Amino acid sequence: MRGEPTGNGGQRSAHVLILRQNEPYPYGWVGQEARALANAGYQVTTLTPTGFGYDSPDETSDGVRALRFRVRASSTGLIGYVWEYASSLWAMATRLLPLVRHGAVDVVIVATPPDLLVALALPLRCRGAGVIFDQRDPGPELFEAKFGRRGMVHRLLVKSEQFACRHADVLMPHNEACAQLLQQRSGADADRMFVVGVGPDPDRIFPVPPDPRLRQGRPYLVLWMGTISS
């Protein structure tokens with residue numbers, strides 16, 4: 001797999017492409033990942049949806065080129081989510097065509113869900129790019145939690161996860177529990193697996209002295225950081 005950062009002697013830096021279906025760059029952990037790679041000397045491109053005020057189809061910030069596509073918001077039903085994923089995959093495939101034609105990508109990081117995003121990386125893999133399956137949330141468990149059942153769709157999601165494991169060069173689950181799932185359910189090879197978590201940016205989130213006034217007389221104060229979706 002190609003992928004070491006270069007740049008001396010007139011050579012180009014290794015190019016890393018990050019695919020993400022449901023969160024725009026620079027929002028969330030994809031932004032942290034992309035900026036860390038850019039700071040390490042890689043050429044970085046992200047392909048993500050628009051949203052949260054990040055609506056430019058093509059811009060560069062912090063050394064990262066951000067390509068974006070418009071996603072059609074789903075309804076709460078299963079058909080709506082299928083339509084959202086299908087239209088997103090089509091939009092992403094269209095934006096990927098120039099990169100596939102020029103073959104200028106060395107590593108593709110596929111940030112799931114959905115696991116079928118790995119299929120979009122296969123043309124680049126055929127041209128020599130390495131593929132990293134960056135699993136943040138297991139798709140079958142997300143489906144079961146959202147719809148309260150298993151059935152045929154759950155089985156298809158398991159097959160999709162197995163497909164992703166077979167066609168990725170490196171597996172990157174975000175905790176040990178997900179790593180065990182990939183090994184037990186999808187037969188993932190432990191030698192290709194690296195658990196990589198995401199922590200807070202210390203420049204933005206750091207310990208401060210407690211302020212009891214924030215509890216407003218209540219015994220506990222709970223802070224949620226992230227996105228809660230239906």
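Let me begin with strand β2, where 6 of the 7 residues are buried, so that this strand is largely enclosed by the rest of the structure. Please keep in mind throughout that what we are looking at is a predicted model. The neighbour of β2 that I would like to show you is β1, which runs parallel to β2 and is joined to it by 5 bridges.

Now let us step back to the whole sheet. It is an open sheet of 7 strands, in the order β3-β4-β2-β1-β5-β6-β7, and the pairing is mixed. Which strands stand at the edges? They are β3, residues 58-61, and β7, residues 170-171, and because each has a single partner strand, one side of each is left without a neighbour in the sheet. At the β7 end, the partner is β6, residues 130-135, which runs parallel to β7 and is joined to it by 2 bridges.

Next, helix α4, which covers residues 139-147 and whose buried residues are Gly 139, Pro 140 and Phe 143. Seen down the axis of α4, these buried residues fall within an arc of 100°, so they line one face of the helix. What covers them includes three other helices, namely α2 (78-102), α5 (151-167) and α6 (176-186). Just after α4 comes Gly 148, which takes a positive phi of about 70°.

Let me turn to the aromatic rings. How many aromatic pairs does the structure hold? There are 2 of them. One is formed by Tyr 27 and Phe 52, and it is stacked, with 4.1 Å from centre to centre and 5° between the planes. This pair links distant parts of the chain, since Tyr 27 sits in the loop between β1 and α1 while Phe 52 sits in the loop between β2 and β3, 25 residues apart. Tyr 27 itself is partly exposed, with a relative accessible area of 27%.

The other pair, Phe 143 and Phe 147, is tilted, with 5.1 Å from centre to centre and 40° between the planes. Both of these residues lie in helix α4, 4 residues apart, which is about one turn of the helix. An α-helix has 3.6 residues a turn, so residues three or four places apart point the same way.

Another arginine, Arg 72, lies in the loop between β4 and α2, and at 53% relative accessibility it counts as exposed. Leaving aside residues up to four places away in sequence, Arg 72 touches Trp 83, Glu 84 and Ser 87. The C-alpha atoms of Arg 72 and Ser 88 are separated by 7.6 Å, although these residues are 16 residues apart along the chain.

Finally, some details of the backbone. A cis peptide bond joins Tyr 25 and Pro 26, with omega at about 10°, and Pro 26 has its place in the loop between β1 and α1. A cis peptide bond also joins Pro 113 and Pro 114, with omega at about -5°, and Pro 114 is found in the loop between β5 and α3.

Asp 62, in the loop between β3 and β4, has a positive phi of about 55° although it is not a glycine, and with a relative accessible area of 53% Asp 62 is exposed. Gln 216, in the segment after α6, also has a positive phi, near 50°, in a residue other than glycine, and Gln 216 counts as exposed at 63% relative accessibility.

Definitions and conventions
Residues numbered from 1 in each chain as written. Predicted model: local features only at pLDDT ≥ 70, side-chain atom pairs only at ≥ 80, totals over all residues. Heavy atoms only, no water. Pairing = 2+ DSSP bridges. Buried < 20%, exposed > 50% of the residue type's maximum accessible area, 1.4 Å probe, protein only. Arc of directions from axis to C-beta. Contact = heavy atoms within 4.5 Å. Phe/Tyr/Trp six-rings, centres within 6.5 Å; stacked < 30°, edge-to-face > 60°.
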